[in-house]
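Please examine the sequence and the three-dimensional structure shown below. The report that follows is written as a guide to reading selected features.

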Amino acid sequence: MPPVKSFGERIVDVLVEDSLLTSKQVAEILELQKKEGTRLLELLLKKSYVTDLDMAVAMGRVLNIPPINLAHLNIPLEVANLLPREIAHNHKVVPVSRLENKLFLAMANPLNVLARDDVRDITRMEVAMLIAPEKAIQDKLAQIDAVRGGSIEDIIQDAQKKAIADEDADNVEVSREAIEEVNLDELAASTEEAPVIKLANLILVQAVKDRASDVHIEPFDKTLRLRYRIDGVLVDATPPPKQMQLALVSRFKIMSSLDIAERRQPQDGRMRIRVGGKDYDLRVSIMPTVHGEKVVLRLLDKANLSASIDKLGLDPDTFQQFKTAIDAPHGLILVTGPTGSGKTTTLYSALNELNDPVYNIVTVEDPVEFQIPGINQVPTKKEIGLTFANVLRSILRQDPDIIMIGEIRDTETAEIAIEAALTGHQVLSTMHCNDAPGAITRLDDMGIAPFLISSSVILACAQRLMRRICSHCKEPVTYPAKMYQDLNIDPSIFDGVTLYRGRGCERCKNSGYAGRMAIIEAMTISDEIRKLIIARANSREIGKVAIGQGMRTLRMVALDRAQEGLSTLEQVLVLTSTH
């Protein structure tokens, strides 16, 4: 019995049958495939033995899927809008026409079952597949986007049309690295051109619309990449053209009062924009890379700040511990967690509750993220020696009642923070470690005497941000036994409880999630824990005692959120330890 031919070999047979490929070329490709291990069809296109259109027609014949020429096809906007733009671009598909409940869909890869299922689930229609070259699909999607108008893609297309392409540029070999010379007057003028201003503004408006926390503009050899961090996950967006790189970066520099002439050193700035009647502060970071300057914009939305800790969504026990610590006359409160876990926002919420004319509240931060009326906020500046430790010494001479330290990074800062907590001040700060008991051992590692730690720290917390299920596409879900095994939990704890997930819809960009919520592990320093601290017990021992006294770990809190139908077991697995 002859061996069963692979999908690629069947397509090669069709191309040979249609006289589009010679037997000599086939032999050469098969030999090359053995050496490189590259897929057969990729090699055919790479060697330009066949066109992508020929390949699509042959693939269609093998799969019994009709090919379609998209070049001169006029697709009605109401048909194109049946599918969210991001889904069409990600899966490389184009809705072509609709017949009652059947959607005719042009695909670059008809074997992509996930793409077909996604389209069917989103449109709730039967999908009839057509096949087209990937390049034709990308061109048609760009054309559809341009017709929609008023988008980043529209501006990019205009800019690309104006650019003069030199076809021989790629064939020039340079023996040494060229030093790029830029006329600053021309660069400054280009930043005031309408396309650059409009593109910069639209990038910011899109970030606000998508609820992004950060915008990344990254330069590479021949391209730029634009990404938005939405609910903690970076998502690709249509990138600006490479030729707009210098003007776009300079535009953001001008908006944040930075030096457009300085392109070799990192720069940090701020700007304020108004979108939809709301003000947004942005932190701007410029970093030189091999292919130009990378820009990261962090959006700071004051609407995310809670007026008080009771708005943080804490469970009753954790809230009570937090409230007791905040109301204490003195002591050190630590909130720990990785970068971007919302630690600073939690501390600001606590400061909002404490913000009263009877208190002198001073903060030292790097940098100041949110500006709050009634609170004295001091930004550090390392270049002039204005470090956390130096500022703290001055703050203690300013008759403070409450001090907030952006982060305890070194022994000197830790010593001053503990000294302040022991001399009648309330001190709030953040640290980088994995859990609440870990904050104690971290201070010990910094060389702080155990008796000082036990006397000063009154509450240690660990925090993460957990993604919320999208309320518009929320649906019940049954998890396989392996999920409970991976989580190391007994599935019976969910008996009688309906678990949910997000199916994925246009509103949540097909992610199934919309927004995030804080989950907090709070450990009050009891007398028994103080004895363990003085005995230099490790974090695991301290954690066991704290749990015995009622501390709910991050995983316990995360599982509660899944039981309440607010998040998923996948998020529990991603965010928390299984031990």
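The structure is a predicted model.

**Enclosed space**

Rolling a probe the size of a water molecule over the atoms shows where empty space is left. In this model, the count comes to two cavities of 30 Å³ or more. The second largest cavity holds about 40 Å³ of space. Its lining consists of Ile 440, Thr 441, Asp 444, Ile 453, Ile 533, Arg 536, Ala 537 and Ile 542. By residue class, this lining divides into five nonpolar residues, one polar residue and two charged residues. Helix H17, which covers residues 436–445, gives the most to the lining of this cavity, with three residues.

**Charged pairs**

Side chains of opposite charge can pair when their charged atoms come close. The structure holds 21 salt bridges.

| Salt bridge | N to O distance |
|---|---|
| Arg 225 and Glu 218 | 3.1 Å |
| Arg 503 and Glu 475 | 3.7 Å |
| Asp 527 and Arg 530 | 3.4 Å |

The pair of Arg 225 and Glu 218 has its closest N and O atoms 3.1 Å apart. Arg 225 is partly exposed, at 29% relative accessibility, whereas Glu 218 is buried, with a relative accessible area of 7%.

Arg 503 counts as partly exposed, with 31% relative accessibility.

Asp 527 is exposed, with a relative accessible area of 58%, while Arg 530 is partly exposed at 24% relative accessibility. Elsewhere, salt bridges that share partners join Glu 218, Arg 225, Arg 227 and Lys 294 into one network.

**Ring contacts**

How many aromatic pairs does a search of the whole structure find? The search finds one aromatic pair. Tyr 484 and Phe 494 form this pair, which is tilted, with 6.0 Å from centre to centre and 45 degrees between the planes. Tyr 484 lies in helix H19 (residues 481–487) and Phe 494 in the loop between H19 and E17, so the pair ties together parts that are 10 residues apart in sequence. Tyr 484 is buried, at 11% relative accessibility. Phe 494 is also buried, with a relative accessible area of 5%.

A ring also takes part in a contact with a charged side chain. The charged end of Lys 474 sits over the ring of Tyr 500, at 4.8 Å from the ring centre.

**Backbone features in loops**

Most residues other than glycine have a negative phi. Against this background, two residues of the model may be noted. Lys 92 is not a glycine, yet Lys 92 has a positive phi of about 55 degrees. Lys 92 is found in the loop between helix H6 (85–91) and strand E1 (93–99), and its relative accessible area of 27% makes Lys 92 partly exposed.

Asp 399 also has a positive phi, near 55 degrees, in a residue other than glycine. The loop between helix H15 (388–395) and strand E13 (402–405) contains Asp 399. Is Asp 399 buried or exposed? At 61% relative accessibility, Asp 399 counts as exposed.

A further loop residue is Gly 565, located between helix H22 (554–563) and helix H23 (569–575). Gly 565 is buried, with a relative accessible area of 2%. The C-alpha atoms of Gly 565 and Thr 498 are separated by 7.4 Å, although these residues are 67 residues apart along the chain.

How values were computed:
Residues are numbered from 1 along each chain as its sequence is written. This is a predicted model: local features need pLDDT of at least 70, side-chain atom pairs count only at pLDDT 80 or more; totals for chains, interfaces and linings use all residues. Side-chain values use heavy atoms; hydrogens and water are left out. On a 1 Å grid over the protein atoms alone, a cavity is a set of points where a 1.4 Å probe fits but cannot get out, and a pocket is an open set with protein on both sides within 12 Å along at least five of seven lines; lining residues have an atom within 4 Å of a point. Grid points are joined across faces, edges and corners, and a volume is the space filled by probe spheres set on the points. Helices (H or I, at least four residues) and strands (E, at least two) are DSSP runs, numbered from the N terminus. Ala, Val, Leu, Ile, Met, Phe, Trp, Tyr, Cys and Pro count as nonpolar, Asp, Glu, Lys and Arg as charged, and the others, Gly among them, as polar. A salt bridge is a side-chain nitrogen of Lys or Arg within 4 Å of a carboxyl oxygen of Asp or Glu. Buried means under 20% relative accessible area, exposed over 50%, partly exposed in between (1.4 Å probe, protein chains only). Rings of Phe, Tyr and Trp (its six-membered ring) pair if their centres lie within 6.5 Å; planes under 30 degrees apart count as stacked, over 60 as edge-to-face and the rest as tilted. A charge sits over a ring if NZ of Lys or CZ of Arg is within 6 Å of the ring centre and within 35 degrees of the ring normal.
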